[in-house]
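Please look through the structure shown here with an eye to how side chains meet one another. The numbered points that follow take up charged pairs and then aromatic rings.

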Amino acid sequence: MSPFYEGTLADDESILPYFKLAEELNIPVGFHILPGGPNYGFHLMPEFLGGMRTYNANPLQLENVLVKYPNVKVYIMHGAWPYIEDLKALMYAHPNVYIDVSVVNWILPQEELNTYLKSLINAGFGDRIMFGSDQMSWPQLIRVGIESINNVEFLTLEQKEDILYDNAAKFLNLSDKEIKMHKENLKNTPK
């Protein structure tokens with residue numbers, strides 16, 4: 001869901017039926033907030049970014065939705081950066097909230113990504129961080145995003161595997177058979 005580009009918040013009456021349906025059908029929801037587009041995107045691409053504003057990018061906008069629909073599974077695209085403290089509060093209160101690190105894993109300087117991830121890991125949320133690329137136009141950035149996760153020196157190999165696959169498998173309720181098949185296919189993929 002990307003109402004953020006129009007300046008619409010998660011708990012807007014026009015959006016709530018989608019969350020209700022997702023909860024009823026047990027369909028996970030991806031919810032887009034900042035960052036969107038390149039650095040200085042508001043100035044570079046105003047026609048594309050429309051109503052997107054930093055003041056309505058806070059992840060806490062999802063709290064009323066999560067209270068109203070407590071069983072809906074939501075992942076916040078782009079990890080709600082830079083609202084790290086509000087994100088940790090939301091994740092603490094709602095165990096069904098995950099994040100992906102798409103865009104922040106290639107647009108942020110490595111040190112900022114490290115600081116961001118370390119804060120989430122130290123707060124105990126390493127099992128709800130998922131890889132993401134958000135790449136339809138520049139698929140070469142997928143490799144850059146993977147490398148940025150692999151370059152986080154304090155992450156163990158297990159934590160990297162969690163971020164790059166295992167947490168998403170859990171979020172999506174993949175079966176053991178599906179997980180085994182994916183991991184076998186990965187082993188057989190040329191490097």
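1. The side chains of Lys20 and Glu24 meet in a salt bridge, with N and O 3.9 Å apart; the term stands for a side-chain nitrogen of Lys or Arg within 4 Å of a carboxyl oxygen of Asp or Glu. Both residues lie in helix α1, four residues apart, which is about one turn of the helix. Helices here are DSSP runs (H or I, at least four residues), as strands are (E, at least two), and they are numbered from the N terminus. Lys20 counts as partly exposed at 42% relative accessibility, while Glu24, at 54%, is exposed; buried means under 20% relative accessible area, exposed over 50%, and partly exposed in between (1.4 Å probe, protein chains only).

2. Please keep in mind that this is a predicted model, in which local features need pLDDT of at least 70 and side-chain atom pairs count only at pLDDT 80 or more, whereas totals for chains, interfaces and linings use all residues. Residues are numbered from 1 along each chain as its sequence is written, and side-chain values use heavy atoms, with hydrogens and water left out.

3. The structure holds six salt bridges, and another of them joins Lys88 to Glu85, whose closest N and O atoms are 3.2 Å apart. Lys88 is buried, with a relative accessible area of 17%, but Glu85 is exposed at 52%.

4. Which parts of the chain does the salt bridge between Lys170 and Asp127 tie together? The two side chains meet at 3.6 Å, N to O. Lys170 belongs to helix α9 and Asp127 to the loop between α7 (110-122) and β4 (129-130), so the bridge ties together parts that are 43 residues apart in sequence. Both residues are partly exposed, Lys170 at 38% and Asp127 at 37%.

5. Among the aromatic pairs, of which the structure holds three, the rings of Phe19 and Phe31 have centres 6.1 Å apart and planes at 40°, so this pair is tilted. Rings of Phe, Tyr and Trp (its six-membered ring) pair if their centres lie within 6.5 Å, and planes under 30 degrees apart count as stacked, over 60 as edge-to-face and the rest as tilted. Phe19 lies in helix α1 (residues 16-25) and Phe31 in strand β1 (residues 29-32), twelve residues apart, and both are buried.
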